[in-house]
Amino acid sequence: MIITGDDPEYIAFVKARLRDQFLMTDLGPLRYFLGIEVSSTSDGFSISQEQYIQDLLARAALADERTVETPMELHVKLRPTDGDPLPDPTRYRHLFRSLVYLAVTRPDISYPVHIPSQFVSAPTTVHYGHLLRVLCGTITRRLFFSRSSSLQLQCYSDATWANDPTDHRSLSAYCVFLGGSLVAWKTKKQVAVSRSSVEAELRAMASVTAEVTWLW
């Protein structure tokens with residue numbers, strides 16, 4: 001359980017009431033929770049999942065020396081027929097689910113994780129290779145939240161027109177900042193085929209507008 005707030009006295013009161021009702025241990029300031037590492041400084045705090053990635057690398061039998069700078073090659077378009085079918089897709093599916101959770105603190109892998117998600121039902125050797133590359137991306141990156149950040153929302157959106165080589169649907173992507181801190185991001189295939197790049201961009205803008213409205 002995480003207890004947070006701007007009133008130390010009330011936080012202490014809540015802890016005391018919880019101890020009266022439940023057997024619990026106070027672990028002090030938040031440092032690690034469900035695979036997410038939290039570090040705090042006078043300037044703000046940052047979150048990462050470095051240990052979680054190390055555990056995934058060990059499970060996938062990959063060493064640190066295979067780390068790459070980017071989680072995906074440029075201009076890659078994967079198809080369902082690429083490569084040979086995996087005899088047992090269980091490992092692929094487990095690794096994919098782990099990467100989805102990793103994307104909680106890694107906006108840079110939002111797009112590379114979305115692409116292999118389309119082949120979970122029938123993955124191939126090529127798809128598995130790209131999934132491993134996502135895992136081997138830089139593991140020390142983290143999100144930083146500044147204490148002096150303003151409360152002004154800023155958002156950015158983009159779209160790749162007819163990017164999917166199979167159904168020619170476009171991808172929408174957006175990110176939302178609260179001041180200088182990144183607080184929301186998403187990559188998702190659009191539900192319909194856009195007849196122009198302008199239409200694809202408008203669909204992406206509609207997605208981020210809905211997100212900003214909810215955040216506001």
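Is C175 buried, partly exposed or exposed? C175 is partly exposed, at 21% relative accessible area. Here buried means under 20% relative accessible area, exposed over 50%, and partly exposed in between, with a 1.4 Å probe and protein chains only.

The model is predicted: local features need pLDDT of at least 70, side-chain atom pairs count only at pLDDT 80 or more, and totals for chains, interfaces and linings use all residues. Residues are numbered from 1 along each chain as its sequence is written, and side-chain values use heavy atoms, with hydrogens and water left out.

**View 1. The whole protein holds 6 helices and 7 strands.** Helices (H or I, at least four residues) and strands (E, at least two) are DSSP runs, numbered from the N terminus. Their order along the sequence is α-β-β-β-α-α-α-α-β-β-β-β-α. The C-alpha atoms fill a box of roughly 60 × 40 × 35 Å along the principal axes. Of the 216 residues, 35% are buried. Take the contacts (heavy atoms within 4.5 Å) between residues at least 6 apart in sequence: 67% of them join residues at least 24 apart.

**View 2. The largest nonpolar core has 27 residues.** Such a core is a set of buried Ala, Val, Leu, Ile, Met, Phe, Trp, Tyr and Cys residues joined through side-chain atoms within 4.5 Å. L95, L99 and L135 touch the most other members. Two or more residues come from each of α2 (50–59), α3 (90–102) and α5 (125–135). A second core is separate and has 7 residues, including I36, V38, I47 and W185. In soluble globular proteins, nonpolar side chains tend to be buried together.

**View 3. C155 and C175 form no disulfide.** A disulfide needs two cysteine sulfur atoms within 2.5 Å. The C155 sulfur has its closest cysteine sulfur in C175, 8.4 Å away, so the pair is too far apart for a bond. C155 is partly exposed, at 39% relative accessibility. The search of the whole structure finds 0 disulfides.

**View 4. The loop between β5 (153–160) and β6 (171–178) contains A162.** A162 is not a glycine, yet its phi is positive, about 50°. This alanine counts as partly exposed, at 26% relative accessibility. H168 is found in the loop between β5 and β6 too. H168 has a positive phi of about 65° and is not a glycine either. The relative accessible area of H168 is 43%, which means partly exposed.
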